[in-house]
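Dear colleague,

Please find the structure handed over below. My notes on what was found in it follow directly after.

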Amino acid sequence: MSDSPTRIQILDDTTANQIAAGEVVERPAAVVKELVENSLDAGASRVLVELQEGGKYLIRVTDDGCGMGSADAVLALQRHATSKIATADDLFRITTMGFRGEALPSIASVSALTLTTRLADSPPEASGIELRCLGGTVEEVFDVGARTGTSITVENLFYNVPARLKFLKSTSTEVGHIVELVQRFSLSYPEVAFRLTHDDREIFTTPGNGGALDACVYVFGREIARQLAPLAYQSGSVQIAGFIGMPPTLRNTRAGQHTFVNRRFIRNKAVTRALDEAYKSVQTLHGSRLYPPAVIQIAIDPSLVDVNVSPTKTEVRFTREGEVYSSVHHAVREALLSGGLVATLGDKPSRAAVNEDHSFAAALLSVPSRFPVHTRANEFATPFRPAESDSGQCPDLSDPFEDKDGGVTLAPEYLPHPNPLLGKEREPDEATVETSSTFNSQLSTFNSQGADYRGRTASSVRILGQTRNTYILAQTDTALLVIDQHIAHERVLYERLVMATQGGGVAVQPLLLPFTLELNRREAMVVEKRLDELRLAGFELEPFGGDAFMVRSVPASVARKSLKAQGTAEAVLREIIEEMVEKTVSRKLLLPTEEVLITASCKMAVKAGDPLTFEEMEVLIADLFASENPYTCPHGRPIILEMSNGELDRKFGR
């Protein structure tokens, strides 16, 4: 065997770290993600993220977590050094945000990094430690006076990788990615106070009072938060919590949809499909290009999910994906059908009402829907100071956020709350509970979610009358209802037609004297292709030569005119055909069966302007409440408008 020179060589640590950085650190937002995840794993209750020039010049993440000792601080910059796992088996039960131990050395290899930390349980006179690295090489290690917790400053990102630097986007684009990232963290960790600044201007903040709905207000704005229906469902090993937007919140993008597994933000096609299908099942024609905002928290046994799939840890694999799909689908559908689809007549809180209550809740309710960028005094100003070497002791670091023991003292609204679904947190004090409960009770007063009317009996609703021969007025024990008679009847008829396609059949009335339907050529071509669907709707037609059809039976409800205002069978059938032709021509394709049924139910229903008797209104409402979805018509329009007794009283100043 000849000793030929080797061409394969082991890369040095600096090169290896830069390769790893190419996978983990693709832009400033990736740096922020890794550092904030470390802060959360350290048990932080406050996290400050500071940026300059979109993070290209400076990123600083400061927390009040457990901190590190000097030995751990040095080890933290070594590749694959971590406190979160010990063996390969631990990879199958990950409970922390980070676990690979490669993010910090990777970041350090492409920047100038400064790490300053102090143990939370260190004595008051103890100092912290500061490490300074350049390009992955530790240049200085010395003692400093520091708060408990950790601060990591990343400067001149990609200074030694110019090829990567030139691919960064504009400052505003990079800041936008970081804002979106911090907002996701705030939704997943509502008990942690987050603050994000850019060039010394505050651009996002949350109170960290533990209220999941409070966090949604800061992320989505007040108006959307008022129209979020809560999710709550458990099946086997899967537990679902969070919020889903009601129909008025639908948007053209998925930017408002956030999914978390054991508090980790993820992207998963099965979860997305479950959300879409559940929404479409109650909002038939809202279309695939409209999406509701959503916060879906999935709690699952860590052994049943693999998070070690992608470098960014945003893709996961479920051992029981079908169970996850079913749980999300059921949670979303039930949230909508249990009141999330009821349109309510609410109003914004009056300025006088807000001024009467100076609590955190009142202040939050008085802000606009979108929070403006504003400048505020830096609460974390000068968090770390160099130690005075001549005295050998740390200087006095007292400030409004630090107690006598050197720890951070938080205002009541910044204290963490327990999260019963996603793990036990530190216990809040009484002041915290009072603040959060005050907020939630006041916000819920203006929340737009209505009552659940499925399965209610007609006796639970008192018919008051009909206005403009279009809307039925009714009263329950808790609210005044305005019901659109046309789309209420349309919903009832549509569900009956759908049941017919599943084998139930629609009651039909054979005609003693069949009538001939004369159509034009275009109408005849469409009808000929849709005879089966029309038969499902109760209309039995057969070709009768040329462009004519013989109508031998019609729906029994139309023949008997269960509601007197309904049109004649021939008039209703012609309206259905005209609508089918119009939609077929405009879309240049044959209508799907579902839309034929929707068109039929719409044309067979009573119309706006048709007078109804009290008996007919009672029958209609009874049929509506017996339907699977009494809240929206097949086109997605609201059927019931609700005004609670409390809201009605407020309108009159009671």
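How many aromatic pairs does the structure hold? The structure holds three, where rings of Phe, Tyr and Trp (its six-membered ring) pair if their centres lie within 6.5 Å, and planes under 30 degrees apart count as stacked, over 60 as edge-to-face and the rest as tilted. One of them is edge-to-face, because the ring centres of Phe260 and Phe265 lie 6.0 Å apart with their planes at 70°. Phe260 is buried, at 1% relative accessible area, and Phe265 is likewise buried, at 14% (buried means under 20% relative accessible area, exposed over 50% and partly exposed in between, with a 1.4 Å probe and protein chains only).

Tyr453 and Phe625 make a stacked pair, with 5.6 Å from centre to centre and 20° between the planes. Tyr453 sits in the loop between helix H13 (430-445) and S18, and Phe625 in helix H20 (residues 614-625), so this pair ties together parts that are 172 residues apart in sequence. Both Tyr453 and Phe625 are buried.

As to provenance, this is a predicted model, in which local features need pLDDT of at least 70 and side-chain atom pairs count only at pLDDT 80 or more, while totals for chains, interfaces and linings use all residues. Residues are numbered from 1 along each chain as its sequence is written, and side-chain values use heavy atoms, with hydrogens and water left out.

Strand S18 (residues 462-467) pairs with strand S19 (residues 471-475) in the antiparallel sense over five bridges; two strands pair if DSSP finds at least two bridges between them. Helices (H or I, at least four residues) and strands (E, at least two) are DSSP runs, numbered from the N terminus. Thr467 has Tyr471 as its bridge partner in S19. The two strands form a hairpin with three residues between them, and Arg468 in the turn has a positive phi of about 55°.

Which cysteine sulfur is closest to that of Cys602? The closest is in Cys633, at 7.8 Å, too far for a bond. A search of the whole structure finds zero disulfides, a disulfide being a pair of cysteine sulfur atoms within 2.5 Å. Cys602 is buried, with a relative accessible area of 16%, and Cys633 is buried at 0%.

Finally, Val138 has its place in strand S5 (residues 137-146) and is partly exposed, with a relative accessible area of 36%.

Yours sincerely
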